[in-house]
Amino acid sequence: MTEHVWNYKSTSGHLAGTDLTGYKVEATDGGIGKVDKHSDEVDDAYLVVDTGVWIFGKEVLLPASTVVSIDPDERKIFVDRTKGQVKDAPEFHREKHLDDPEYRRELGTYYGLGGPFGGGPMI
């Protein structure tokens, strides 16, 4: 089951309705880009991150559960993955994958239970 992967952790500091567009995203080992789009929907919350030159013009989709903390003053979002883990995630194409349930299951497995970072439930 991967449903908790698509919700923000209660400790992240996320406030529903906050516009995160333009916030810098920091992995555990450095910056990965800026938020281009995000969703606050319960059980469907995510960040679309424009990686810029880091993964040459690509975007990545991060489930909300990867967010550890949000610093509104610095306009930064911290996630609990390394740059390599984000880069190795299933490839994301906005037009094809944003509303694709099968891709969401694949990504949810990658970031959640049963994936390389699995273990306990992601709450």
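User: Hello! Why is F92 called buried?

Analyst: Burial is judged by relative accessible area: under 20% is buried, over 50% is exposed and anything in between is partly exposed, using a 1.4 Å probe and protein chains only. F92 has a relative accessible area of 5%, so F92 counts as buried. A word on the ground rules: this is a predicted model, in which local features need pLDDT of at least 70 and side-chain atom pairs count only at pLDDT 80 or more, while totals for chains, interfaces and linings use all residues. Residues are numbered from 1 along each chain as its sequence is written, and side-chain values use heavy atoms, leaving out hydrogens and water.

User: How many aromatic pairs does the whole structure hold, and what makes the pair of F92 and Y103 tilted?

Analyst: The search finds two aromatic pairs. Rings of Phe, Tyr and Trp (its six-membered ring) pair if their centres lie within 6.5 Å; planes under 30 degrees apart are stacked, over 60 edge-to-face, and the rest tilted. The ring centres of F92 and Y103 are 6.0 Å apart with planes at 35°, so they pair, and the pair is tilted. This pair links distant parts of the chain, 11 residues apart: F92 is in the loop between α1 (83–87) and α2 (94–97), and Y103 is in helix α3 (residues 101–111). Y103 is buried too, because its relative accessible area is 2%.

User: What makes the pair of Y110 and Y111 edge-to-face?

Analyst: Their ring centres are 5.0 Å apart and their planes stand at 85°, which makes the pair edge-to-face. Both Y110 and Y111 are buried.

User: How do you know that the charged end of R104 sits over the ring of W6?

Analyst: A charge sits over a ring if NZ of Lys or CZ of Arg is within 6 Å of the ring centre and within 35 degrees of the ring normal. For R104 the distance to the centre of the W6 ring is 4.9 Å, and the charged end is found to sit over that ring.

User: Which elements make up the chain, from the N terminus on?

Analyst: Helices (H or I, at least four residues) and strands (E, at least two) are DSSP runs, numbered from the N terminus. The protein chain has three helices and six strands, in the order β-β-β-β-β-β-α-α-α.

User: How do you know that β1 and β2 pair?

Analyst: Two strands pair if DSSP finds at least two bridges between them. Four bridges join β1 (residues 24–27) to β2 (residues 30–39), and the two run antiparallel. They form a hairpin with two residues between them. β1 also pairs with β6 (residues 76–79), in the parallel sense, over three bridges. K24 shows both pairings: K24 stands opposite K34 in β2 and opposite K76 in β6.

User: Which way do β5 and β6 run, and what is the phi of R75 in their hairpin?

Analyst: β5 (67–71) and β6 run antiparallel, joined by four bridges, and S69 stands opposite F78 in β6. Their hairpin has four residues between the strands, and R75 takes a positive phi near 55° there. Most residues other than glycine have a negative phi. R75 is partly exposed, because its relative accessible area is 39%.

User: Why does D43 count as partly exposed?

Analyst: D43 has 47% relative accessibility, which means that D43 falls in the partly exposed class. D43 lies in the loop between β2 and β3 (46–50) and has a positive phi near 65°.

User: Why is L20 called buried, and which residues does L20 touch?

Analyst: L20 has a relative accessible area of 1%, so L20 is buried. Contact means heavy atoms within 4.5 Å; beyond four places in sequence, L20 touches Y8, H14, V35, H38, L47, I70 and I77. L20 lies in the segment before β1, and its C-alpha atom is 7.9 Å from that of R75, 55 residues apart along the chain.

User: Where does pLDDT stay under 50?

Analyst: pLDDT is the predictor's confidence in each residue, from 0 to 100. It stays under 50 over residues 114–123. Where pLDDT is low, the predicted coordinates should not be read in detail. The mean pLDDT of the protein chain is 86, with 89% of its residues at 70 or more.
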